[in-house]
Each structure stands twice: as structure tokens, then as C-alpha cells.
Amino acid sequence: MSNQANNNNNNLPPPPPLTQNSSFSLMPVLNREKLKEDGSNYLDWIRTLRITLRYENKEYVLDEDVPVLGENPTPYEVTAYNKHYNESTKVACLMLATMASGLQKNFETWGAFDINQQLEEMFQDQAK
């Protein structure tokens, strides 16, 4: 049976074509509950963030600081730096968007690695 005949029988439109630019957003998952200023939900928040970042292959920016470029970096080093810097910036924005406003104000100019390190220190009791 053709797609057209099948669609007429079900009265459903055909599915959209798949493209390479299709994206699956996990932002709604992260927006369920923002990180509270007292950190009482820190463990749940960081677990959800890490799962989301792992799906996007960006979890490493929480654990590795942006590399420092030497005086004469190779093209590979420049590419790696740019990738890490850009992904760190995106993850930091994601982290900020899922925090209470008081925390956002404290970290709005920080990178993802530094935010993660500070939050771990602030909420280390919950992190243990």
C-alpha cells in the first residue's frame, strides 16, 4: 500500500522528512526544576545536567578547563581550544538558565568548568 493510500486511511499528514539538521532538545528536561539557591536539589540538578550533556557529547566541559594556548599553537591546538571554549560557553549558558536568579547573578560571566567547581564546593555536603 502506498504512503498516500495509507495516509488517506488514517487521515494523518505524512511525517516530516528527516534532515541532518534535525535536533532533539533536552532543555525541557533541564527546566523541570531549577537549581535552588540553597542547593537543596543540587544532586538531582547536576545528575540531570550531566545526563543531558553526555547525550550532547559535552559533559567533558564540566570536568576539564578550557586549555591555555601557548605562544605558537598548532592548528590542531587552535581548533581544540575553539571547540572547547565554544562548548564551555554554551554549557555555562545552559547551566545559568537552569539556576535560581540569585545563583545566575553570581556566575553570569563564568565558564562551565569554573561554575561546576564552585557549585561543588558550595554544595559539597550534598555532593558527597
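Across the whole structure, which is a predicted model, a search finds 6 salt bridges.

| Pair | N to O distance |
|---|---|
| E33 and K36 | 3.6 Å |
| E59 and R50 | 3.0 Å |
| D63 and R50 | 2.8 Å |

The pair of D63 and R50 joins helix 4, where D63 lies, to helix 3, where R50 lies, and so ties together parts that are 13 residues apart in sequence. Salt bridges that share partners link R50, R54, E59 and D63 into one network.

The protein chain as a whole contains 8 helices and 0 strands, and 29% of its 128 residues count as buried. Its accessible surface comes to about 9000 Å², of which 50% belongs to carbon and sulfur atoms.

The largest nonpolar core has 20 residues, and those with the most contacts inside it include W45, L49, M95 and L119. Helix 3, helix 4, helix 5, helix 6 and helix 7 each supply at least two residues of this core. Helix 5 covers residues 75-97, and because its 23 residues should span 33 Å at 1.5 Å a residue, the 33 Å between its end C-alpha atoms agrees with that expectation. Among the buried residues of helix 5 are H84, E87, V91 and M95.

Technical notes:
Residues are numbered from 1 along each chain as its sequence is written. This is a predicted model: local features need pLDDT of at least 70, side-chain atom pairs count only at pLDDT 80 or more; totals for chains, interfaces and linings use all residues. Side-chain values use heavy atoms; hydrogens and water are left out. Helices (H or I, at least four residues) and strands (E, at least two) are DSSP runs, numbered from the N terminus. The expected span of a helix is 1.5 Å times one less than its number of residues. Buried means under 20% relative accessible area, exposed over 50%, partly exposed in between (1.4 Å probe, protein chains only). A nonpolar core is a set of buried Ala, Val, Leu, Ile, Met, Phe, Trp, Tyr and Cys residues joined through side-chain atoms within 4.5 Å. Accessible areas come from the Shrake-Rupley method with a 1.4 Å probe; for residues, only the protein chains shown count as cover. A salt bridge is a side-chain nitrogen of Lys or Arg within 4 Å of a carboxyl oxygen of Asp or Glu.
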